[in-house]
Amino acid sequence: MDHTTIQEAVADLLSRIPTGIFLNGEFTESSSGECFDVLNPATGEVLATVASATPEDAAAAMDQAAAAQLTWQFTSPRERSEILRRAFELATTTYRADLALLMTLEMGKPLAQADAEVTYGAEFLRWFAEEAVRVRGDYFRVPEGHLQAVVVRRPVGPCLLITPWNFPLAMATRKAGPALAAGNVAILKPSKDTPLTSLFFAKIMAEAGLPAGVLSVLPSERNREITGPLIQDPRLRKVSFTGSTPVGRALLKEAADNVLRTSMELGGNAPFIVFEDADLDAAVAAALVTKMRNMGQACNASDHFLVHESVSEEFGRRLAEALEAQRVGDGTQEGVDIGPLVSARQRDAIAAMVDGALAAGARALTGGRVPEGPGFFYPPTVLVDVDPRTDIIREEIFGPVAPIVPFSREEEVIALANDDSVGLSAYVHTRDMNRVMRLAERLEFGMIGVNSATISNAAAPFGGVKQSGMGREGGKEGIEDYLETVYVGMPAPSFLP
């Protein structure tokens, strides 16, 4: 697509996207008339101006959710399933190009990656459309024989879904899909950096037949003023959050007052472990994907590379060569592999981490410096001679930077990998399957990719251990956190004469 055609497509899309708060099935202005700007990270320019929800708007959303809960709860599972399935079809056909371009514009990822997110994000709608009709309870006689037990599964009730900016569609569908499938109503609070995709998602859900009030979307600059009163409202029954561990801790403390059900998908700091017997070609190819997907802005992206000392130098050289071949630029342009970071704030945080590592003695094989010009770009960077005690190893990078630390023994690398307060994902490259099983038992992570790159899938349980959170999203486990279990005991019938 040439430059003129892209510009025309952008202008057309921006003329059609909703920019209001989504309440009671309609897009409306903020109750105060407040708005905020959404920036294009490739240029730093204003992309759109969006209504900024107020605490009064949040209260209205809660009122609507409470009023809609019982009707939606007793809407047949088949009907709920069909609505989600229609939304899947709309996302992957009618609005596929719109969604991809919109994510590239407001988040920065190249169009090919944005299109891949449409596939990935929409799959949660299809998966949970299928799960909606498979929610079952149980029926059994207690061991003593005097009671018949009936176990009923029912929706938890109104849910608050708080999503980050890095996967604007997938984070919304991964939470709203199971919530709606289970019969819950939901209030979605998207990141202020990427609210447009969430609003477009609401448009798709309404077009798919979702009744008014079942889903609200509250874009806002006032995060705490919106979420705080909602979490304290006794009608809310669940909070699902994806974001940083510090914010997750704060939300857990708030949720404790009303003993709310919580799902927390928090920070990661994924080690990418390469053993001496690894297929280096495959390991470098996988590192390129899992490090540079989304410009490294993914909670399950590889953050630091623990490479056996016998192959560390060669791995670093090959990875640097692969990254130097990546084309950096505006994600709407053909042939671009790496887009901008989402904001100047994010770019500056990455630059500070790299500068700190360099000051501590690390060397950059490639990258390592903020480029001149507009937009929030940072070049793909490979660091060697990295002190494992520095922030760039100890903290989640969330950017296109690959620090490499050598190791000599299996026990050593297990200790290095586990010496962290978080444990979301890890990646292991080795030909030794006995070693794989040892590591699966000892690595303290919720997900482990073996000789592979990205492993997230709608059919598999996504989540971490330690301070990476609680609960799982996706898989058959994904709907469990949106269901209550009710036990009904009654006298057991007698079958004796």
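User: Which residues does M205 touch, leaving out those up to four places away in sequence?
Analyst: M205 touches I83, L84, A87, L180, L210 and L215. Contact here means heavy atoms within 4.5 Å.

User: Before we go on, what kind of model is this, and how are residues numbered?
Analyst: The model is predicted, so local features need pLDDT of at least 70 and side-chain atom pairs count only at pLDDT 80 or more, while totals for chains, interfaces and linings use all residues. Residues are numbered from 1 along each chain as its sequence is written, and side-chain values use heavy atoms, with hydrogens and water left out.

User: OK, back to M205. What core is M205 part of?
Analyst: M205 is in the largest nonpolar core, which has 92 residues. F201, M205 and L218 have the most contacts inside that core. A nonpolar core is a set of buried Ala, Val, Leu, Ile, Met, Phe, Trp, Tyr and Cys residues joined through side-chain atoms within 4.5 Å. Buried means under 20% relative accessible area, exposed means over 50%, and partly exposed is in between (1.4 Å probe, protein chains only).

User: Which helix gives the largest share of this core?
Analyst: Helix α5 (residues 111-131), with 9 residues. Helices (H or I, at least four residues) and strands (E, at least two) are DSSP runs, numbered from the N terminus.

User: What other core is there?
Analyst: Apart from the largest one lies a core of 61 residues, with A320, V382, I404 and A417 among them.

User: New topic: how many aromatic pairs turn up?
Analyst: A search of the whole structure finds 9. Rings of Phe, Tyr and Trp (its six-membered ring) pair if their centres lie within 6.5 Å; planes under 30 degrees apart count as stacked, over 60 as edge-to-face and the rest as tilted.

User: How are F305 and F315 arranged?
Analyst: They form a tilted pair, 6.0 Å centre to centre with 40° between the planes. F305 lies in strand β13 (residues 302-308) and F315 in helix α11 (residues 312-324), so this pair ties together parts that are 10 residues apart in sequence.

User: Is F305 buried or exposed? And F315, buried or exposed?
Analyst: F305 is buried, at a relative accessible area of 0%. F315 is buried too, with a value of 0%. Ring pairs also link F272, F305, F315 and Y427 into a cluster.

User: Which ring does R174 lie over?
Analyst: R174 lies over the face of F462, at 4.1 Å from the ring centre. Likewise, the charged end of R293 sits over the ring of Y120, 5.8 Å from its centre. The rule is that NZ of Lys or CZ of Arg is within 6 Å of the ring centre and within 35 degrees of the ring normal.

User: Now the strands. In what order do the 3 strands of the open sheet run?
Analyst: The order is β5-β6-β22, with antiparallel pairing. Two strands pair if DSSP finds at least two bridges between them. β5 (138-141) and β22 (483-491) are the edge strands, each pairing on one side only.

User: How many bridges join β6 to β22?
Analyst: 9 bridges join β6 (residues 147-155) to β22. A149 stands opposite G489 in β22.

User: And what about β11, how does β10 pair with β11?
Analyst: β10 (residues 238-242) pairs with β11 in the parallel sense over 5 bridges. T242 has E265 in β11 as its bridge partner. In β11 (residues 261-265), 4 of the 5 residues are buried, so this strand is largely enclosed by the rest of the structure.
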